[in-house]
Amino acid sequence: MTVPVFVETRDRITRIRLDRPDKKNALTVAMYQALADALRGADADPAVRAVLIHGEPDCFSAGNDLADFAARPDQGDDAPVAQFLRAVSTAAKPLVAAVGGPAVGIGTTMLLHCDFVYAAPGTRFQLPFVRLGLVPEAASGLLLPMIAGYQRAAELLLLGRPFSAEQALAAGIVTAIVPADQLLAHANDVALAIAALPPKSVQLSKALMKRAMAGPVAEQMAEESRHFRAQLASGEVKEAVAAFFEKRPADFSKF
Ligand code: COA
C-alpha cells in the first residue's frame, strides 16, 4: 500500500508533503515511519540543506490517527512515532513548516521543533491531549510553557480548545502569518534562502541554539511517552475515541 507521504529532494531542499486529505492528514504508523525516514535521509544527504514540511493550504494535519490510538499501536522506543519525534527534535538541518487548516495534536507539537513556521490566517491549532485522556507529547509539556509562558501553555494544553493563527503567533509557535494563497511559495522561498547560506555555519548555529535544551527535551519526551503509553490503555482514552467516531460529546463523569 502506498504511504500518503510524498517526499522529493530538489534544489537542495527535501520537501515532505502529507497527502491523506480524506482523513485530514491524520498520521498513521506507516506515515510516522515515512516521516522519520525522510528526515533522517535529509540529514544524511550532504546535498540537502533544508527541509520543508507541509500539507495542503487548507489542511496540515488532524494529528495522530485516532483509530490507531484505539488499536494501541507499539509506543516503544523504536516505534515509528518515537523515531519521528527523535528525528524532528534532533534534525541537524533547518526545518521549515507551512501550515493551514487543521493543525491538531502532533500537527501542532511538531512545529515546536521546526525553525521556521508559517501559518495561513485560518489555521486551526489544537492540543487536545487532555480531552482525549492523554498527556502532552513531543516535549510540548516542556517547550510550550517555555516559549509561551506557563499560563498561556496551561490554557492551550489543559483546556485543549482550538486556537487561531494569531494566538499561535502570540504564543511563539508560529514565525509569521502568511496569506493562504502565498503560504507554500513563501515557505519555499525561505527554504531556498536558508539553503543558499553557508551550510556548515547554518547547521552549527542551529545546533548551538538547540544545545542547552537537547538533554531536557529528550528526557521530557521519555517521561511524556511513559505516561502517554499508560494512558492509551485507559478507559478515558477509550471513551474519548469512541465519542469522536460516534460524533457525540465525550462523557468523563464516571472517571
Ligand atoms: N484520526 C482518524 N480519522 C480522522 C482524524 C484523526 N485524527 N481526524 C479526522 N479524521 C477523519 C474523520 O473521521 C472523517 O472520516 P470519515 O469521512 O470517514 O467520517 C474525516 O477524517 C474528515 O474529518 P471530519 O471530522 O469530518 O472533518 P472536519 O473538517 O469537520 O474536522 C478536525 C476536522 C481535524 C477538526 C476533526 O476531524 C478532528 O477534530 N479530528 C480529530 C483530531 C484529534 O483529536 N487528533 C488527535 C490528536 S492527539
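This is a predicted model: local features need pLDDT of at least 70, side-chain atom pairs count only at pLDDT 80 or more; totals for chains, interfaces and linings use all residues.
Student: OK, where is I53 then?
Tutor: I53 sits in strand β3, residues 50-54.

Student: Buried or exposed?
Tutor: Buried. The cut-off is under 20% relative accessible area, and I53 counts as buried because its relative accessibility is 2%.

Student: Which residues does I53 contact, leaving aside neighbours within four places in sequence?
Tutor: I16, L39, F60, V96, A97 and A98.

Student: Switching to the core. Which residues have the most contacts inside the largest nonpolar one?
Tutor: L39, F84, L111, F125, L144 and I173, in a core of 62 residues. Helix α1, residues 29-44, gives the largest share, eight residues.

Student: What does L144 touch?
Tutor: Beyond four places in sequence, L144 touches L112, L127, G149, A153, L156, L157 and I173.

Student: Now the helices. What is the angle between α5 and α6?
Tutor: About 135 degrees, with the axes 7 Å apart. So α5 is oblique to α6. Their crossing is right-handed.

Student: Which residues make that contact?
Tutor: From α5, S140, G141, L144, P145 and A148. From α6, Y150, R152, A153, L156 and L157.

Student: And how many of them are nonpolar, polar or charged?
Tutor: Seven are nonpolar, two polar and one charged.

Key
Residues are numbered from 1 along each chain as its sequence is written. Side-chain values use heavy atoms; hydrogens and water are left out. Axes are lines fitted to C-alpha atoms, for helices over the stretch in contact, and angles run from 0 to 180 degrees between N-to-C directions. Helices (H or I, at least four residues) and strands (E, at least two) are DSSP runs, numbered from the N terminus. Angles under 35 degrees count as roughly parallel, over 145 as roughly antiparallel, 65 to 115 as roughly perpendicular and the rest as oblique. A crossing is left-handed if the near helix is turned anticlockwise from the far one by less than a right angle, and right-handed if clockwise. Contact means heavy atoms within 4.5 Å. Ala, Val, Leu, Ile, Met, Phe, Trp, Tyr, Cys and Pro count as nonpolar, Asp, Glu, Lys and Arg as charged, and the others, Gly among them, as polar. Buried means under 20% relative accessible area, exposed over 50%, partly exposed in between (1.4 Å probe, protein chains only). A nonpolar core is a set of buried Ala, Val, Leu, Ile, Met, Phe, Trp, Tyr and Cys residues joined through side-chain atoms within 4.5 Å.
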